[in-house]
Every structure is written in C-alpha cells, then in structure tokens.
Amino acid sequence: MWAKMFLLLLFTLFQIQTYDIEDGYYILISSPKDNITFSSYRLSNPERIILEINGQLSISFDNVSSPVKKVETNSRKEFTRLIFHVEENSFYTVLNRGNQILVGFRNKLFLDHEDFDVITKAIENAKVKEEK
C-alpha cells in the first residue's frame, strides 16, 4: 500500500492523496475550508473518465495502478480537467462530502455512500502507518 500527497493552490490549499488499496485505485481530494464543485463523465474509444474541478491546479500523477492506465491534466481559467485513461469494462465512483471528493476505480462495481467512511478510514490508517 502506498500513498502520495500533493499540496496545491486552488483558490485555497487543496490536498490530493492517491492510494492503491486492495483491488482499487483511489484519489482523495480535500479542501481545508471550501466545498469542492466538480462534474464527472465517461468517454469511450479510448475509455476515459473525466473529472472537472472548479479552479486551477497543477498536478502530475506519476504512479497509477489498475484499472487506471494514466492520468492527464488540462487547466483552464475556470476549471481543471483530470482525464483518467482506464481499462475497458472498469468502474468508477465519485463521492462528495462537502470539502472532500473521493474517486474510486476498480474492475468491478463497488462503491456507494455507505463505503465513504470505510474507505476514508482505510486511507487515514494508511497515512498513520506511513508516518511510523
């Protein structure tokens, strides 16, 4: 299990953490004070998941894992677009709780609002283990 943390300036300071947990790849985007506004959709040929977040940010994803193949970013004045190239027939879920967005990718359907607390707890536990 690994984690990578990025601090970004996006009208306010954002924190982006990526995790490879069990058979899923997760991204947790947090803002210390503001609600995050976003939209997401899927495109095919090739398979891509698009996540658009209000504001500008600069980030690169060096290490991704299945079912994500690679991530591209495209910043515009009013929003940043994250383009996740994914394996065919993979699933994704985006959950939002005020100042946090949890994005999950797996090869099978898996994530609903009840899982938000379970996944964020696993991420917190992973952070504690890495700090030791």
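Is phenylalanine 61 buried or exposed, and at what relative accessibility? In this predicted model, phenylalanine 61 has a relative accessibility of 11% and therefore counts as buried, since the class of buried residues comprises those under 20% relative accessible area.

The aromatic contacts of this residue were examined next. Three aromatic pairs are present in the structure. In one of them, the ring centres of phenylalanine 61 and phenylalanine 84 are separated by 6.1 Å and the ring planes meet at 65°, so the arrangement is edge-to-face, the class assigned to planes over 60 degrees apart. Phenylalanine 61 is located in the loop between strand E5 (48-54) and strand E6 (68-75), whereas phenylalanine 84 belongs to strand E7 (residues 79-86); the pair therefore ties together parts that are 23 residues apart in sequence. Phenylalanine 84 also counts as buried, because its relative accessibility is 1%.

Phenylalanine 84 takes part in a further pair, with phenylalanine 105. Here the ring centres lie 4.9 Å apart and the planes are at 45°, so this pair is classed as tilted. Because phenylalanine 84 is in strand E7 and phenylalanine 105 is in strand E9 (residues 100-106), the contact ties together parts that are 21 residues apart in sequence. Phenylalanine 105 is likewise buried, with a relative accessible area of 1%. Together with Tyr25, the residues Phe61, Phe84 and Phe105 form one aromatic cluster.

Of the seven residues of E5, six are buried, so the strand is largely enclosed by the rest of the structure. E5 pairs with strand E4 (residues 38-43) in the antiparallel sense, over six bridges. Within this pairing, tyrosine 41 has isoleucine 50 of E5 as its bridge partner. The hairpin formed by E4 and E5 has four residues between the strands, and asparagine 45 adopts a positive phi near 55° in this hairpin.

In E7, histidine 85 stands opposite arginine 48.

Note on methods: Residues numbered from 1 in each chain as written. Predicted model: local features only at pLDDT ≥ 70, side-chain atom pairs only at ≥ 80, totals over all residues. Heavy atoms only, no water. Phe/Tyr/Trp six-rings, centres within 6.5 Å; stacked < 30°, edge-to-face > 60°. Helix = DSSP H or I, 4+ residues; strand = E, 2+ residues; numbered from the N terminus. Buried < 20%, exposed > 50% of the residue type's maximum accessible area, 1.4 Å probe, protein only. Pairing = 2+ DSSP bridges.
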